[in-house]
Amino acid sequence: MILPINSIPISEIKEPFLKKNSISLQLLRLEQTDQFISGNKWFKLLYNLEKFKKEHYTVLLTFGGAYSNHIHATAEACHRFNIPAIGIIRGEKPEKLNQTLTQALERNMQLYFVSRNDYRQKQHPEFIKQLITKLINKNYITQQDKIYVLPEGGSNELAIKGCALIPKLITSQYHYLCCAIGSGGTFGGLIHGVEDNNTKLLGFSALKGADQLENSIIQLIKEVNVTNTTPSWQINHDYHFGGFAKTKPELFHFINVFYQNHKIKLDVIYTGKMMYGLYQLIKNDYFPKNTNIVAIHTGGLQGNHEFEKKGFLKWQ
Ligand SMILES: *Cc1c(COP(=O)(O)O)cnc(C)c1O
């Protein structure tokens, strides 16, 4: 399984206010990794899929919401590598499937819908055991299957190891590395992968009221035994725009103007909010002069579909 990492570009972002504040801003274009397995999801999946193959599992089981970038990427990756996959989807089955779920089905991922209440128990071993019994009874899988359970968002120890590869793609010197955060697996990987202890990591939470996020990241990086001194890191909780997948007109406006100026598409759920927040912080002199910042474009563009359809995003 080979990552197409040689082809990942890094773009210098030029803006008058950056020049005025003597800030250099570069964007690592992980959204260019692959049309379908884009952004951070490739790195989160890489070692998990390798383990699946090496240890002769027969079915991959994972979890996500109806618009999940993780479901989208996992369906495509499993399809390419001939891995039978089941997506456990949060909420009742809708009358008409959205694009994310339609594409997952087209890639032979089997979908199984569970109520929001049940879905909350997705990490409990007992719940997973019962779920597997149901899947056997409904002929999704058989008694003989060896099932690889990948948690929601794909964030586990192997995902952290995969995401630790991301900083190695950046060859220039920088002071700050910025990334959008959902479950925290990617950010945990960056903490693990950054080698220069003077580098600071700044994450932007896409969730509202994620007061456990710091703790779960500490938990995640403990699992991978980070023995070297870790770089300092911090999470900004001010730019979730009302919560996960919530939007505001100024966010669409920002993404549209960013596209006009740089011809780079951002996604609404993660990278748009991160870049909006980063621009605000720079304008408010959060960073000292002559700071070099690298921000990571983690992909997620498939999730823009609904907003493009409604005309909120304009790529022209
Ligand atoms: C999934 C995702 C994230 C968040 O990754 P986590 O490891 O869950 O924190 C960030 N950006 C994009 C575009 C994503 O799809």
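Is cysteine 163 buried or exposed? Select cysteine 163: the residue counts as buried, at 0% relative accessibility (buried means under 20% relative accessible area, exposed over 50%, partly exposed in between, with a 1.4 Å probe and protein chains only).

Before moving on, note that this is a predicted model, where local features need pLDDT of at least 70 and side-chain atom pairs count only at pLDDT 80 or more, while totals for chains, interfaces and linings use all residues. Residues are numbered from 1 along each chain as its sequence is written, and side-chain values use heavy atoms, with hydrogens and water left out.

**The cysteines**

A disulfide is a covalent bond between the sulfur atoms of two cysteines; the cut-off used here is a pair of cysteine sulfur atoms within 2.5 Å.

Now pick cysteine 178. This residue is buried too, with a relative accessible area of 0%. Its closest cysteine sulfur is again in cysteine 179, and at 8.8 Å that is too far for a bond. How many disulfides does the rule give? The count is zero.

**The ligand**

Zoom in on the lysines. In lysine 44, an N or O atom of the side chain is 2.5 Å from an oxygen atom of the ligand. For lysine 41, the corresponding side-chain distance to a ligand oxygen is 2.7 Å. Then turn to glycine 185, where a backbone N or O atom sits 3.3 Å from an oxygen of the ligand. On its own the ligand has 380 Å² of accessible area, and the protein covers 97% of that (areas come from the Shrake-Rupley method with a 1.4 Å probe; for residues, only the protein chains shown count as cover).

**Asparagine 21**

Jump to asparagine 21, in the loop between helix 1 (16–20) and strand 2 (24–29). Asparagine 21 is buried, at a relative accessible area of 10%. Leaving aside neighbours within four places in sequence, asparagine 21 is in contact with Ile282, Lys283, Asp285, Lys289 and Asn290 (contact means heavy atoms within 4.5 Å). With aspartate 285 there is also a side-chain to side-chain polar contact, at 3.5 Å. A polar contact is a pair of N or O atoms within 3.5 Å; within protein, one must be able to donate a hydrogen and the other to accept it, and residues adjacent in sequence count only if both atoms are side-chain atoms.

Select leucine 97, in the loop between strand 4 (85–90) and helix 4. At 18% relative accessibility, leucine 97 counts as buried. Beyond four places in sequence, leucine 97 contacts Thr102, Leu105, Leu111 and Phe113.

Step to asparagine 98, in the loop between strand 4 and helix 4. Asparagine 98 is buried, at 11%, and touches Ala66, Tyr67 and Glu306, not counting residues up to four places away in sequence. A polar atom of its side chain lies 3.1 Å from the backbone nitrogen of threonine 100.

**Two positive phi angles**

Finish with asparagine 108, in the loop between helix 4 (99–106) and strand 5 (110–114). Its phi is near 70 degrees, a positive value in a residue other than glycine, and asparagine 108 is exposed, at 56%. Asparagine 139, in the loop between helix 6 (125–137) and strand 6 (147–150), has a positive phi near 65 degrees. Asparagine 139 is exposed, at 66%.

Definitions and conventions. Helix = DSSP H or I, 4+ residues; strand = E, 2+ residues; numbered from the N terminus.
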